Amino acid sequence: EGGGNMAASGAGAPEGLCGPERQGAGGLALLGLAPSAPSCPHGPALLFVKTSQGEEEGRRFYACSACRDRKDCNFFQWEDEKVSETRLAAREEYNRNHQPPFTHRQNVERYKNFVLLPLSKRRFCQECQQLLLPAEWEKHLDHQFLCDISTAQLKSPSQLLYPLENKKTNAQYLFADRSCQFLLDLIIDLGFRRVLSVGTPRLHEMIQSKASQEDFRVRSLLLDIDFRYSQFYTEDEFCHYNMFNHYFFGGEAARETCRKFLYQDSGERVIMVTDPPFGGLVEALASSFKKLMAMWKETEKEGHNNQEMPVFWIFPYFFESRILEFFPSFSMMDYQVDYDNHALYKHGKTGRRQSPVRIFTNLTPSMIVLPVEEGYRFCTICQRYVSSGNQHCEICNSCTSKDGRRWKHCVLCKKCVKPSWFHCNNCNCCALQNHTCEKTDAVCFVCGKAGHKRSTCPSLSHT
């Protein structure tokens, strides 16, 4: 979670994603998936365009969809580049060599053999992040390993596996139990019976662990780029998936698994819950999520025509405008999602600051009941639950706070702003008191025009 997938670039240029970006002032825009895109070990590469200041047309190139740091995946190719047969063959060889040592099916067989072993023979190699069968011990003699792996540990793989904490690549933060339990309770209360868990291994794990209970009816399918999970889940429970390019590593069979899961009960009572890496390009994520939602829509159930598959997209509140740009039907809930292994993103006073992570959903806000005991209340005017510090502004006619604190209304800006902000006459907007005023002659790096920054350039939102 936050994410279970590797992270493509955030706003602007990803470090290392495009070598040329570091050469000076310029802009970078995502053009998306091209039909004939070359592939790296993480599936089809994404097409970007790089522009230098003042240039109208930039040069296009392909880069890895998943990795921000070129140390993790150095794939790069200009779109107009002629690639020799030798280099193509070397690339295919490289991609083959960077695939996991076992297939998903082989891992399922290995797991069946592993659970038959007595406790004293159940070992897990921490260095290779792999369940070991006795015949393989010798190869791992000089590695650190865990012994006596219990059934409880096998049912909680997210705690057995090392979280992938390289922020530039994986940034794999896992839901705290409080947030995970809240999400599951909410899903059950809303009447959902199936959860498409996209990059949310801990939620999937919690659902799987309760599956044997007689009165528990919820089922989950995990889509995640972390192939280590294939050691613990069958092909009907886990699909190796890259959420930045909508790529199923298992090909048509894995895509069919996902389709069948969405089609059960004519597509009724299914919700997608996704928790991407916070550095992820919103455009790339939105494109993949729309494809998953379209897959659900193909169930052709009567009444689906104007409906969207229900979604919980878990992401920081400062991405609200970007998410709403792609999904106008979504709205942001005030619930603060927190994580086990993240020092900052913890609820209330346990973290260094309050978590900025929220739930974006296309469900009716009034349906999302937030826990009163955790400081949420229902605003009868807005018809949604809000943080207790989020006071209703009569001028905006909305509960305007995004971060849990009480915001104040600025008459000149005609909106509510953070309590620490003050109106600056030079910038003609509210900002921190000790901010550096924007130069009036500054121009955007993407289009070269004045009046806005690269992050808000209109040309980026149309790519």
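**Exercise 1.** Work out how helix α2 sits relative to β7 and β8, and what sheet these strands belong to.

*Solution.* Keep in mind that this is a predicted model. Start with the helix: α2 covers residues 104-116 and lies across β7 and β8, running at about 50 degrees to β8. Next, the sheet: it's open, has three strands in the order β8-β7-β9, and the pairing is antiparallel. Its edge strands are β8 (130-132) and β9 (145-146), since "edge" here means that each pairs on one side only. Now zoom in on one pairing: β7 (residues 123-125) and β8 are joined in the antiparallel sense over three bridges. For one of the partners, go to R123, which is bridged to L132 in β8.

**Exercise 2.** Is H104 buried or exposed, and which residues does H104 contact beyond its neighbours within four places in sequence?

*Solution.* Step one: find H104 in helix α2. Step two: check the accessibility. H104 has a relative accessible area of 12%, and the cut-off for buried is under 20%, so H104 counts as buried. Step three: list the contacts, leaving out neighbours within four places in sequence. They are F227, S230, Y233, T234, E235 and F238. Step four: look at Y233 again, because its backbone oxygen lies 2.8 Å from a polar atom of the H104 side chain.

**Exercise 3.** Follow the aromatic rings from W313 to F315 and from F315 to F319.

*Solution.* The model has 20 aromatic pairs. W313 and F315 make a tilted one, with 5.5 Å centre to centre and 55 degrees between the planes. F315 also forms a tilted pair with F319, at 4.8 Å and 45 degrees. How accessible are these residues? W313 is buried at 0% relative accessible area, F315 is buried at 0% too, and F319 is buried as well. Then widen the view: ring pairs link them into a cluster whose members include F175, F278, F289 and F327. One last stop is F327, where K290 lies over the ring face, 5.3 Å from the ring centre.

Technical notes:
Residues numbered from 1 in each chain as written. Predicted model: local features only at pLDDT ≥ 70, side-chain atom pairs only at ≥ 80, totals over all residues. Heavy atoms only, no water. Pairing = 2+ DSSP bridges. Helix = DSSP H or I, 4+ residues; strand = E, 2+ residues; numbered from the N terminus. Contact = heavy atoms within 4.5 Å. Axes fitted to C-alpha atoms, helices over the stretch in contact; angles between N-to-C directions. Buried < 20%, exposed > 50% of the residue type's maximum accessible area, 1.4 Å probe, protein only. Polar contact = N/O pair within 3.5 Å; in protein donor to acceptor, adjacent residues only side chain to side chain. Phe/Tyr/Trp six-rings, centres within 6.5 Å; stacked < 30°, edge-to-face > 60°. Lys NZ or Arg CZ within 6 Å of the ring centre and 35° of its normal.
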